[in-house]
Amino acid sequence: MKKHIPYQLIWLITSLFFLGACEGIKTKQADQSSEVKKQPVISSTPTKASSTDTLSDPKTVQAADAKIEVKTFQQSAHGWGYDVYLNDKLYIHQPHIPAIGGNQGFRNEATARKTAKFIEWKIRHNIIPPSITPEELDSLQVL
C-alpha cells in the first residue's frame, strides 16, 4: 500500500521554499542598493574646481573654471598625440587616436589639437569621463 503525502504538507514546503528564495533576493537587492549609494554622484551642473580635486578619480573633477592646458607632441613613428593638463597636473595622455583600434597617432598636429580642444570642451562642461566616439572624430574631420 502506497503512502500519500498530504497536499497541505507539499504546499507548506513549497511556500517555505519560495519565501526563503524571496528573502535571498531582498537581501541581494539591499546589498546592491547600498553599493550604489556609496558611489559618488556626478552633477551635470558645472561648479568651480577646488585645489583639492584629485585627478586620479575622474568623478571628482569639476572643471568649469579650472585651468586646462592642451599640449600636442610628435611621436617618432606613430604620428601626433596630445596631453591635457588640469590645474597643472597631467589628466589625459593620449598618444593614439582614441575610439579606433590600433596604435595609430593623429596624422598632423592640427588634428591632434582639434581633438584635444574638443576633450577640453567636454571637461569644462562636466562630461566626465571625456570619452570620444568615432562619429565625433568624423565630425571633427579627424578620421
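Which strands does helix 2 lie across? Strand 1, strand 2 and strand 3. Helix 2 runs at about 150° to strand 1. One caution before I go on: this is a predicted model.

Three strands form an open sheet, in the order 1-2-3, and the pairing is antiparallel. The edge strands are strand 1 and strand 3, each pairing on one side only. On average, neighbouring strands are turned by 25° against each other, direction ignored. As a general point, strands of a sheet pair through backbone hydrogen bonds, either parallel or antiparallel. Here, eight bridges join strand 1 to strand 2. For one example, look at F73: its bridge partner in strand 2 is G81.

Now helix 2 itself. It covers residues 109-124, which is 16 residues. How far apart are its end C-alpha atoms? They are 22 Å apart. At 1.5 Å a residue, the helix should span 22 Å, so the two values agree.

Look at both ends. At the start of helix 2, a side-chain oxygen of N108 comes to within 3.2 Å of the backbone nitrogen of A110. After the helix comes N126, and its phi is positive, near 55°.

Next, the buried side. In helix 2, the buried residues are T111, A112, T115, A116, F118, I119, E120, K122 and I123. What do they pack against? Strand 1 (68-75), strand 2 (79-86), strand 3 (89-94) and helix 3 (134-139).

Take T115, in helix 2. Is T115 buried or exposed? Its relative accessible area is 0%, so T115 is buried. Leaving aside neighbours within four places in sequence, T115 is in contact with Y82, F106, I132, L137, L140 and V142. Keep Y82 and F106 in mind.

How many aromatic pairs does a search of the whole structure find? Two. Y82 and F106 form a tilted pair, 5.8 Å centre to centre, with 45° between the planes. That pair links distant parts of the chain. Y82 is in strand 2, and F106 is in the loop between strand 3 and helix 2, 24 residues apart. Y82 has a relative accessibility of 2%, so Y82 counts as buried. F106 has a relative accessible area of 1%, so F106 is buried too.

And F118 with W121? Their ring centres are 6.1 Å apart and their planes are at 5°, so this pair is stacked. Both sit in helix 2, three residues apart, so about one helical turn separates F118 from W121. In general, an α-helix has 3.6 residues a turn, so residues three or four places apart point the same way. W121 is partly exposed, because its relative accessibility is 42%. F118, by contrast, is among the buried residues of helix 2.

Stay with F118 a moment. Which residues does F118 touch, not counting those up to four places away in sequence? I132, E136 and L140. F118 and E136 are 18 residues apart in sequence. In space, their C-alpha atoms are 9.3 Å apart.

So, to recap. Helix 2 lies across strand 1, strand 2 and strand 3. Its buried residues pack against those strands and helix 3. T115 is in contact with Y82 and F106, among others, and Y82 and F106 form the tilted aromatic pair. On F118, remember the stacked pair with W121 and the contacts with I132, E136 and L140. That's the tour.

Conventions
Residues numbered from 1 in each chain as written. Predicted model: local features only at pLDDT ≥ 70, side-chain atom pairs only at ≥ 80, totals over all residues. Heavy atoms only, no water. Helix = DSSP H or I, 4+ residues; strand = E, 2+ residues; numbered from the N terminus. Expected span 1.5 Å × (residues − 1). Buried < 20%, exposed > 50% of the residue type's maximum accessible area, 1.4 Å probe, protein only. Contact = heavy atoms within 4.5 Å. Polar contact = N/O pair within 3.5 Å; in protein donor to acceptor, adjacent residues only side chain to side chain. Pairing = 2+ DSSP bridges. Axes fitted to C-alpha atoms, helices over the stretch in contact; angles between N-to-C directions. Phe/Tyr/Trp six-rings, centres within 6.5 Å; stacked < 30°, edge-to-face > 60°.
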